[in-house]
Amino acid sequence: MKNLKLAAKSAKEGKTVVEVGDVRIGDEFVVIAGPCSVESEQQVLESAIAVKEAGAKVLRGGAFKPRTSPYAFQGLGLKGLKFLKKAGNEVGLPIITEVIDPRDVSWVCEYADIVQIGARNMQNFSLLQEVGKAGKPVLLKRGMYSTIAEWLNCAEYILAEGNPNVILCERGIRTFETYTRNTLDLSAIPSVKEVSHLPIVVDPSHATGKLSLVEPMSLAAVAAGADGLIIEVHANPCEALCDGAQSLDGPGIKQLIEKVNKLNAAYKAL
Ligand code: PEP
Ligand code: MN
């Protein structure tokens, strides 16, 4: 990939490790988990307790939701961010949340430990420049219609503003297949590792859209060399305002992390 400068493997020695408190993404395998959306103070706290107990290292939760329909639940905004922060503090987990508007970046960064750029905003260049300037760790999702080269160039936009803390996230791409919500491009993991020093995590929840496929695809991501996972979890998935069909419950995330840990240990021993 000729036009990559800072994101290219040749740009630095070794891998990038993004430090968030005492979590080291790129160095240890990290599971990020939590609800698709923050719905209420109690809902996000229940999820936070479940994911912490299961062994997740970062709490996720959307306060600004980029929804396909303008009439769907759009998130609680600042109120949601405050509930997420409070839940994170209560259980002792750093938080990640999506930012969708360049004008919100600076104040969202006052709450978030990692800011997420969603698939629909991957090529929102002014948003990328803002999060680059803000300096907070950024999780950059792959756009659903984007090539690996386009995605890495978006990481380059953030790095070029002087922010080295970029985590890539493969979340599935659109293909002709309709059985799954998207098609998880597992080959993106070793491909990215061939050309870049940046850590890459996988989102099997949005990639598949199906609860039954989240665990197998998580294990496949481990086998393909991912640095971590981001998983949607809800204490009562049937009642979720967004993405309940792909959300694990408390016992589900606990079982998933147990299996992921066993597989990681087996791989290290190979
Ligand atoms: C999300 O993680 O909440 C989300 C909206 O995901 P994506 O941008 O991958 O669709
Ligand atoms: Mn979601």
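Reader: Is cysteine 238 buried or exposed?

Author: This is a predicted model, and every value that follows is computed from it. A residue counts as exposed when its relative accessible area is over 50%. Cysteine 238 has a relative accessibility of 82%, and therefore it counts as exposed.

Reader: How many disulfides does a search of the whole structure find?

Author: A disulfide requires two cysteine sulfur atoms within 2.5 Å. The sulfur of cysteine 109, a buried residue with a relative accessible area of 10%, is 18 Å from the closest cysteine sulfur, in cysteine 169, which is too far for a bond. For cysteine 238 the nearest cysteine sulfur belongs to cysteine 242 and is 15 Å away. Over the whole structure, the number of disulfides that the search finds is zero.

Reader: How do phenylalanine 64 and tryptophan 107 pair, stacked or edge-to-face?

Author: The search of the whole structure finds two aromatic pairs. In the pair of phenylalanine 64 and tryptophan 107, the rings are 5.9 Å apart centre to centre, with 70° between the planes, and the pair is edge-to-face.

Reader: Which parts of the chain does this pair link, and is phenylalanine 64 buried or exposed?

Author: Phenylalanine 64 lies in the loop between strand 4 (58-60) and helix 2 (78-91), while tryptophan 107, 43 residues apart from it, lies in helix 3 (residues 105-111). Tryptophan 107 is partly exposed, with a relative accessible area of 25%. Phenylalanine 64 has a relative accessible area of 14%, and so it is buried.

Reader: What is the angle between the planes of phenylalanine 125 and tyrosine 157?

Author: The pair links distant parts of the chain, with phenylalanine 125 in helix 4 (residues 125-134) and tyrosine 157 in helix 5 (residues 148-160). At 32% relative accessibility, phenylalanine 125 counts as partly exposed, and tyrosine 157, at 32%, counts as partly exposed too. The rings are stacked, at 4.5 Å centre to centre, and the angle between their planes is 25°.

Reader: Over which ring does the charged end of lysine 210 sit?

Author: The charged end of lysine 210 is placed 3.5 Å from the centre of the ring in question. That ring belongs to tyrosine 179.

Reader: How much of the area that ligand 1 exposes when taken alone does the protein bury?

Author: Among the residues around ligand 1 are Arg60, Lys65, Glu98 and His206. Oxygen atoms of ligand 1 lie 2.8 Å from a polar side-chain atom of arginine 120, 2.9 Å from one of lysine 141 and 2.6 Å from a side-chain N or O atom of arginine 171. Taken alone, ligand 1 exposes 300 Å², and the share of this area that the protein buries is 96%.

Note on methods
Residues are numbered from 1 along each chain as its sequence is written. Chains are lettered from A and ligands numbered from 1 in the order in which they are written. This is a predicted model: local features need pLDDT of at least 70, side-chain atom pairs count only at pLDDT 80 or more; totals for chains, interfaces and linings use all residues. Side-chain values use heavy atoms; hydrogens and water are left out. Rings of Phe, Tyr and Trp (its six-membered ring) pair if their centres lie within 6.5 Å; planes under 30 degrees apart count as stacked, over 60 as edge-to-face and the rest as tilted. Helices (H or I, at least four residues) and strands (E, at least two) are DSSP runs, numbered from the N terminus. Buried means under 20% relative accessible area, exposed over 50%, partly exposed in between (1.4 Å probe, protein chains only). A charge sits over a ring if NZ of Lys or CZ of Arg is within 6 Å of the ring centre and within 35 degrees of the ring normal. A residue is near a molecule or strand if one of its heavy atoms lies within 4 Å of it. A polar contact is a pair of N or O atoms within 3.5 Å; within protein, one must be able to donate a hydrogen and the other to accept it, and residues adjacent in sequence count only if both atoms are side-chain atoms. Accessible areas come from the Shrake-Rupley method with a 1.4 Å probe; for residues, only the protein chains shown count as cover.
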